[in-house]
Amino acid sequence: MCGIVGYVGPQQATPILIAGLRRLEYRGYDSAGIAVVGPRGTQVLRCQGKLAGLEAMIAREPPEGTLGIGHTRWATHGRPSEANAHPHKAGGVSVIHNGIIENYLPLRARLQAAGRKFASETDTEIVAHLIDEALLAGAPSLVEALRVALRQVHGAYALVAISEKHPGQIVAAKNASPLVVGLGQGETFLASDVPAMLEHTREVIFLDEGDVVAVTAEGATLSDLDGKPLARPVRTITWDAAQAEKGGYPHFMLKEIFEQPRAIADTLRGRLLLEAHDADLEGFEIDPRGLRRVLLLACGTSYHAGLIGKFLIEGAARIPCEVDLASEFRYRDPVVGPEDLVIVISQSGETADTLAAVKEARARGARVLAISNVVDSAIPRASNGVLYTHAGPEIGVASTKCFTAQLAALALIAIHMGRRSGQLGPEAATKLVGELALTPTKMTEALEGLGDLKQLAREYRYARDFLFIGRGTNYPIALEGALKLKEISYIHAEGYAAGEMKHGPIALIDDGVPVVVLAPRGPGYEKVLSNLAEVRARNGHIIGIGTQGDAQLAGLCDRVLSIPDAPAALQPFLTVLPLQLMSYAIAVAKGNDVDQPRNLAKSVTVE
Ligand code: AGP
């Protein structure tokens, strides 16, 4: 997830671009850059790190010109560095991009074979070359050259391009990454999100998938990939800037909950190989045949993802998996060695305990694969390989979209290992790959069906304790549901394996203790219903999480929150959603600071 801005009009572009990027810094902040076209040609300034570094460069050497583009980067391909910062240039063309070009490697190879030189490791730079190539081959306009480039790329993009030879215009295209046009008086704006332009205009056009736009100071001309003219409605924005940054949501956490289908789709994009029924781990090959076991290490919510990873990997590859808290592993003289694969999971990539566990495992000869959301952070750097989740920056301290994106990464690893171990046959692989591909759509359906849970929150906000129970893949979700509630609503909560209730925790049940029972249809369903009956017999209040249309469950619960049907291995993507929304709604009902709960930090870089 990156931030994009563009401006053309009568004013100096640089201050407008910088103010816009400042508003988009929440989308990414590992490097930033601008390209401004003026009397001195195109001036490109780029800087690694936060925007302040770019501002210092601009103060020394202010670019002049009334047309420009700017970018704040959240690295996906290529580490954060000045060379990888956008804009990328080829000939007279400068390009900025938010998204992932899936087929950039073959395109890069073709362009290199044609004699083109690359200055970065990014997927974006190929687009600048493709546009430049199209212009040199005689494309009649900049927008047509963009179309020629777009016909060659697959993936997600919001792309914006300018060319020295085509002054006074900016061209752009959107597919699966957001892009908005802002219409001012004699000036026009482009941005990934409306906060970047709210100071200047409230009249905007939200581009749709496949839209291509040519922008001048006078306005915007929209067309499709074939050049057919398009009309899109002009909308008037009524949000203030702070609301707009959160996409109109009152908190980042809620925005991030609703971003999950997109985060999963982006994490799977280009890696889930539908036709080959396989998963590409971007160069990290795992040969399960020589492995003794897989060890999954993490803390907090990422540890819960690891617990689900065990089900996924053991289910697909039949390789034994162990899951350990990184904070425990590092201090217990662990039995680990070259015959083990260690998978460490960390959203931030900076958690001190997880980093120490990586060092411990590597010192004992294990190969370590990291799953992280932050490119080039400490844990990926210390590991042998990395599979990045593409959730975009997570601002809310309580992790939501990074958790489900971690599950997507683990599912990819499971498929990859299952195929190579020979344990996941073509038929089962086709089924799993197909179901995984459907998951983002099912998550959207679940989120739309659940509503805001305000009424439920009003009923339960004064509860002193909460229990969460589940079996199989939904046991870790019970732990995660309890953690979410503790973190932001400050209500004491415990997660248990449903079968464990009778071994102790059932003593806690009395009149009105809310018990969240994870009971989607699938293996263990009948058993969970028996555990539910035990709670009911002791007057617990039951909130059931079940499959849509399950009348039997509805008859046994005080409340039911429904999700679409899914195979057991992939149910956690869905069952976690009502728990995230419920914790959020209760925290709001209690008036708590949802995005920055007391005593917690987003990255725990201390022991
Ligand atoms: C999750 O909501 C928490 N904020 C916390 O448990 C977190 O998952 C844990 O600190 C691990 O963080 P990491 O994924 O960045 O390593």
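Which ring does the charged end of R598 sit over? A few notes on that and on the rest of the model follow.

1. The ring is that of Y490, and the charged end of R598 sits 3.8 Å from its centre. Such a contact counts if NZ of Lys or CZ of Arg is within 6 Å of the ring centre and within 35 degrees of the ring normal. R367 likewise lies over the face of F284, at 4.0 Å from the ring centre.

2. Please keep in mind that this is a predicted model, where local features need pLDDT of at least 70, side-chain atom pairs count only at pLDDT 80 or more, and totals for chains, interfaces and linings use all residues. Residues are numbered from 1 along each chain as its sequence is written, and side-chain values use heavy atoms, with hydrogens and water left out.

3. On to the aromatic pairs, of which the structure holds four; rings of Phe, Tyr and Trp (its six-membered ring) pair if their centres lie within 6.5 Å, and planes under 30 degrees apart count as stacked, over 60 as edge-to-face and the rest as tilted. Y7 and F189 form a tilted pair, because their planes stand at 50°, with the ring centres 5.2 Å apart. Both residues are buried (under 20% relative accessible area; exposed is over 50%, partly exposed in between, with a 1.4 Å probe and protein chains only).

4. Y249 and F258 are stacked, since their planes make 20°, and their centres are 5.6 Å apart. Y249 is partly exposed at 27% relative accessible area, and F258 is partly exposed at 29%.

5. Finally, ring pairs link Y460, F466 and F468 into a cluster.
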